Amino acid sequence: LVAGAGGAARAAAFVGKRLGFKLLYWNRTPEKLQDLVESFGGDVIESLDSLTADQREGLRVVYSSLPAAAEFTVPEELLSSKGKDLVLFDANYKPFNTKMIGDGVEAGCTVIRGSEMFWWQGVKQFELWFE
């Protein structure tokens with residue numbers, strides 16, 4: 001599931017398609033998702049509460065590129081049913097613990113923070129620069 005519709009969401013959709021994921025998209029303004037669907041395939045959902053049983057079963061990764069102020073999170077019922085089988089990746093690096101990351105840690109999910117993404121971007125840039 002990709003939450004957001006900007007450049008970081010586009011990058012996540014690109015990677016998800018390359019990895020063979022069935023892509024789902026959610027955004028506060030659903031009309032902005034049409035370009036992602038046309039470019040990478042997948043389905044737009046109206047809310048995380050409206051996931052079908054098959055979508056819930058197949059959900060493995062939630063990637064949020066939404067601003068931290070949006071306080072985006074995954075419904076408690078979904079967190080508790082998926083637990084350690086769900087990866088939550090929040091592109092935000094400030095604050096260190098967003099609402100989604102905090103909820104995910106409590107539920108036992110694997111979490112990836114934006115600060116980790118920045119770190120690995122820097123490592124790769126360094127490697128490319130000094131090849």
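Visitor: Helices (H or I, at least four residues) and strands (E, at least two) are taken here as DSSP runs, numbered from the N terminus. In which helix is the place of Val37?

Guide: Val37 sits in helix H2. Please keep in mind that this is a predicted model, in which local features need pLDDT of at least 70 and side-chain atom pairs count only at pLDDT 80 or more, while totals for chains, interfaces and linings use all residues. Residues are numbered from 1 along each chain as its sequence is written, and side-chain values use heavy atoms, with hydrogens and water left out.

Visitor: OK, and what does Val37 touch, not counting residues up to four places away in sequence?

Guide: With contact meaning heavy atoms within 4.5 Å, and residues up to four places away in sequence set aside, Val37 touches Tyr25, Gly42 and Val44. For Tyr25, which is 12 residues from Val37 along the chain, the C-alpha atoms of the two are separated by 8.2 Å.

Visitor: Switching to rings, how many aromatic pairs does the structure hold?

Guide: There are six aromatic pairs in the structure. One of them joins Phe14 and Phe40, with 6.4 Å from centre to centre and 80° between the planes, and is edge-to-face. Phe14 belongs to helix H1 (residues 7–18) and Phe40 to helix H2 (residues 34–40), so this pair ties together parts that are 26 residues apart in sequence. As for the rule, rings of Phe, Tyr and Trp (its six-membered ring) pair if their centres lie within 6.5 Å, and planes under 30 degrees apart count as stacked, over 60 as edge-to-face and the rest as tilted.

Visitor: Is Phe40 buried or exposed?

Guide: Phe40 counts as buried, because its relative accessibility is 13%, whereas Phe14, at 40% relative accessibility, counts as partly exposed. The classes are buried under 20% relative accessible area, exposed over 50% and partly exposed in between, with a 1.4 Å probe and protein chains only.

Visitor: And what kind of pair do the rings of Phe126 and Phe130 make?

Guide: The planes of Phe126 and Phe130 stand at 45° and the ring centres lie 4.7 Å apart, so this pair is tilted. Phe126 and Phe130 are both exposed.

Visitor: Now the inside. Which residues have the most contacts inside the largest nonpolar core?

Guide: Leu1, Val62, Phe72 and Leu88 have the most contacts inside this core, which has 20 residues. At least two core residues each are supplied by strand E2 (24–26), helix H4 (76–82) and helix H5 (99–107). Another core lies apart from it, with 13 residues that include Ala12, Leu33, Phe40 and Tyr63. A nonpolar core is a set of buried Ala, Val, Leu, Ile, Met, Phe, Trp, Tyr and Cys residues joined through side-chain atoms within 4.5 Å.

Visitor: Say a bit about Phe72: what is Phe72 in contact with, leaving aside its neighbours within four places in sequence?

Guide: With those neighbours left aside, Phe72 is in contact with Ala3, Trp26, Leu48, Val62, Ser64, Leu66, Lys99 and Met100.

Visitor: What about open space, then: how many residues line the largest pocket?

Guide: The lining of the largest pocket has 25 residues, and Leu1, Ala12, Gly16, Phe21 and Val61 are those nearest its centre. Two or more lining residues come from each of H1, helix H3 (53–58), strand E4 (61–64), strand E5 (87–90) and helix H6 (114–129). H1 gives the largest share, six residues. A pocket is an open set of points, on a 1 Å grid over the protein atoms alone, with protein on both sides within 12 Å along at least five of seven lines, and lining residues have an atom within 4 Å of a point.

Visitor: How do the residues of that lining of the largest pocket divide?

Guide: They divide into 18 nonpolar, four polar and three charged residues. Here Ala, Val, Leu, Ile, Met, Phe, Trp, Tyr, Cys and Pro count as nonpolar, Asp, Glu, Lys and Arg as charged, and the others, Gly among them, as polar.

Visitor: Back to the backbone. Which peptide bond is cis?

Guide: The bond from Lys94 to Pro95 is cis, with omega near 0°, and Pro95 has its place in the loop between E5 and H5. Glu71, in the loop between E4 and H4, has a phi near 50°, which is a positive value in a residue other than glycine. Glu71 counts as exposed, because its relative accessibility is 55%.

Visitor: Last one: where is the place of Gly58?

Guide: Gly58 is in helix H3 and is partly exposed, with a relative accessible area of 47%. Gly58 and Phe21, 37 residues apart in sequence, are 9.3 Å apart in space from C-alpha to C-alpha. Arg18, in helix H1, counts as exposed at 67% relative accessibility, and its C-alpha atom is separated by 20 Å from that of Asp90, 72 residues away along the chain.

Notes: On a 1 Å grid over the protein atoms alone, a cavity is a set of points where a 1.4 Å probe fits but cannot get out, and a pocket is an open set with protein on both sides within 12 Å along at least five of seven lines; lining residues have an atom within 4 Å of a point.
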